[in-house]
Amino acid sequence: QVQLVESGGGLVQAGDSLRLSCAASGRTFSSHAVGWFRQAPGKEREFVSTMGWSLGSTYYADSVKGRFTIARDNAKNTVYLQMSSLQPEDTGVYYCVAGADSRLRGVYDYPYWGQGTQVTVSS
């Protein structure tokens, strides 16, 4: 009953910034934890960031902490990922997710996924 659609990906140069958006539908979306995963070519899908629905707690992978910021606007049913100081290793398909507990970091901990949006960072 939760549908997610990502947008905002593209091709940028190292050092640039991008903001990804995820439009959500579903009557209980505001009660879900939300977050982002990514998958680089030839690599496993990995945790990027999550945000809780109760206290708004945020969690980040060590590789993006200090550069990426997650936010949500429940009135607009939208979750964002603001990315700055992008590097080539940030390249991959970024997926918006929703689940029950933002403290969890496993792929299978999140039942709802978007289709993904491509982010490519060139040197």
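Contact here means heavy atoms within 4.5 Å. I began with M83 under that rule: leaving aside its neighbours within four places in sequence, M83 is in contact with D16, S17, L18, L20, R67, F68, Y94 and V119.

**Ground rules.** I am working on a predicted model, in which local features need pLDDT of at least 70, side-chain atom pairs count only at pLDDT 80 or more, and totals for chains, interfaces and linings use all residues. I number residues from 1 along each chain as its sequence is written, and side-chain values use heavy atoms, with hydrogens and water left out.

**Core.** I looked up the nonpolar core next, meaning a set of buried Ala, Val, Leu, Ile, Met, Phe, Trp, Tyr and Cys residues joined through side-chain atoms within 4.5 Å. For burial I used relative accessible area: buried is under 20%, exposed is over 50%, and partly exposed is in between, with a 1.4 Å probe and protein chains only. The largest nonpolar core holds 31 residues. M83 is among those with the most contacts inside it, together with L4, W36, F68, L81 and Y94. Strands are DSSP runs of E with at least two residues, helices are runs of H or I with at least four, and both are numbered from the N terminus. The elements that give two or more residues to this core are β3, β4 (33-39), β5, β7, β8, β9 and β11 (117-122).

I count two strands as paired if DSSP finds at least two bridges between them. I found an open sheet of four strands, in the order β1-β3-β8-β7, with antiparallel pairing. β1 (3-7) and β7 (68-73) are at the edges with a single partner strand each, so one side of each has no neighbour in the sheet. From one strand to the next the twist averages 15°; axes are lines fitted to C-alpha atoms, for helices over the stretch in contact, and angles run from 0 to 180 degrees between N-to-C directions.

β1 and β3 run antiparallel and are joined by five bridges; S7 has S21 in β3 as its bridge partner. β7 pairs with β8 (residues 78-83) in the antiparallel sense over six bridges, and T69 stands opposite Q82 in β8.

**Disulfide.** I took a disulfide as a pair of cysteine sulfur atoms within 2.5 Å. The count by this rule is one. C22 is joined to C96, with S to S at 2.2 Å. The link of C22 and C96 is left-handed, at -85° about the S-S bond. C22 lies in β3 (residues 18-25) and C96 in β9 (residues 92-99), so the pair ties together parts that are 74 residues apart in sequence. Both C22 and C96 are buried.

**W53 and H32.** I found W53 in the loop between β5 (46-51) and β6 (58-60). W53 counts as partly exposed because its relative accessibility is 46%. Apart from neighbours within four places in sequence, W53 is in contact with S30, S31, H32, A33, R72 and A100. W53 and S30 are 23 residues apart in sequence, yet 6.7 Å apart in space, C-alpha to C-alpha. The side chain of W53 also reaches the backbone oxygen of S31 at 3.2 Å. I list that as a polar contact, a pair of N or O atoms within 3.5 Å; within protein one must be able to donate a hydrogen and the other to accept it, and residues adjacent in sequence count only if both atoms are side-chain atoms.

H32 is in the loop between β3 and β4. Is H32 buried or exposed? H32 is buried, because its relative accessible area is 13%. With neighbours within four places in sequence set aside, H32 is in contact with V2, W53, R72, A98, G99 and Y112.

**Loop residues.** I noted N77 in the loop between β7 and β8, with a positive phi near 50° in a residue other than glycine. N77 is partly exposed at 28% relative accessibility. S85, in the loop between β8 and β9, is not a glycine either and has a positive phi of about 50°. S85 is partly exposed, at 37% relative accessible area.

Last, I looked up G42, in the loop between β4 and β5. G42 is exposed, with a relative accessible area of 87%. G42 and G92 are 50 residues apart in sequence and 10.0 Å apart in space, C-alpha to C-alpha.
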